[in-house]
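Work through the exercises below with the sequence and the model side by side. Try each task before reading its solution.

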Amino acid sequence: MVIIGAKGLAKELLVALQWGGEADGLCLFDNVNQDTPDILYGRFKVIRSWEKLEEHLKSESPDFALGVSGPKARKFCAEKAASLSGKLRSIISNHALIGDFGVRIANGVCILSHATITADVEIGEGTLINKAAIISHDAIIGSYCEISPGARILGRTRVGDRTEVGTNAVILPDVVVGCDCRIGAGAVVTKNVPDGHTVVGIPARKLQKEPI
């Protein structure tokens, strides 16, 4: 399998796979950061171009996972690698707590250690649930979202596609957050958030741009 990315999130995924005994034979892909070594940790080959990635996906294994941050970057990389014959795969830490009742997790989701997902939760394709995040009952999380460490998504919440929820943010029950939104770190969201809005603070309010 190839992890797309070789920096922060990719390293977190390496640890999750190591804990699960699945780190053997992994490669990483990084065509951006020149300071990334060709062999990471003396063990993991780093592929440097989309052309070389295509060769690997066709000749070695088609499986890849998303180790890059940001909803737009995750979606772009997923679509690009899929166009090169790749197959998007989920990575779920064996230190995450996931309920057995009505939980639906789409393809390509990454769930890191100590995340908690309870009952009747739906998580869309390519979404990242970071360390110690909590997704409560009957919540629906869209595709290519990013739920940061310690965030809490409470019961019956809806989070639209490509939305980012910051570290330790809280979305209260029954709140609907639109697509392409950003919830600031530590914010407490008490009301619905329209598509494309950024909200911060307690209670969360729309971020007003300062005049230039």
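**Exercise 1.** Which residues on the other side of α2 are exposed?

*Solution.* The model is predicted: local features need pLDDT of at least 70, side-chain atom pairs count only at pLDDT 80 or more, and totals for chains, interfaces and linings use all residues. Residues are numbered from 1 along each chain as its sequence is written, and side-chain values use heavy atoms, without hydrogens and water.

Start with the helix. Helices (H or I, at least four residues) and strands (E, at least two) are DSSP runs, numbered from the N terminus. Helix α2 spans residues 50–59, and Trp50, Leu53, His56 and Leu57 are buried there. Buried means under 20% relative accessible area; exposed means over 50% (1.4 Å probe, protein chains only). The buried residues of α2 fall within an arc of 115° seen down the axis, so they line one face. The arc is taken from the directions from helix axis to C-beta atoms. On the other side, Glu51, Lys58 and Ser59 are exposed.

**Exercise 2.** Find what the buried residues of α2 pack against.

*Solution.* They pack against β1, β2, β4, β5 and α3. Contact means heavy atoms within 4.5 Å.

**Exercise 3.** Give the strand order of the open sheet.

*Solution.* Six strands run β3-β4-β2-β1-β5-β6, with mixed pairing. Strands pair if DSSP finds at least two bridges between them. β3 (39–40) and β6 (87–88) are the edges; each has a single partner strand, so one side of each lacks a neighbour in the sheet. Now look at β1 (residues 2–4) and β5 (residues 63–66): they pair in the parallel sense over three bridges. Val2 has Phe64 in β5 as its bridge partner.
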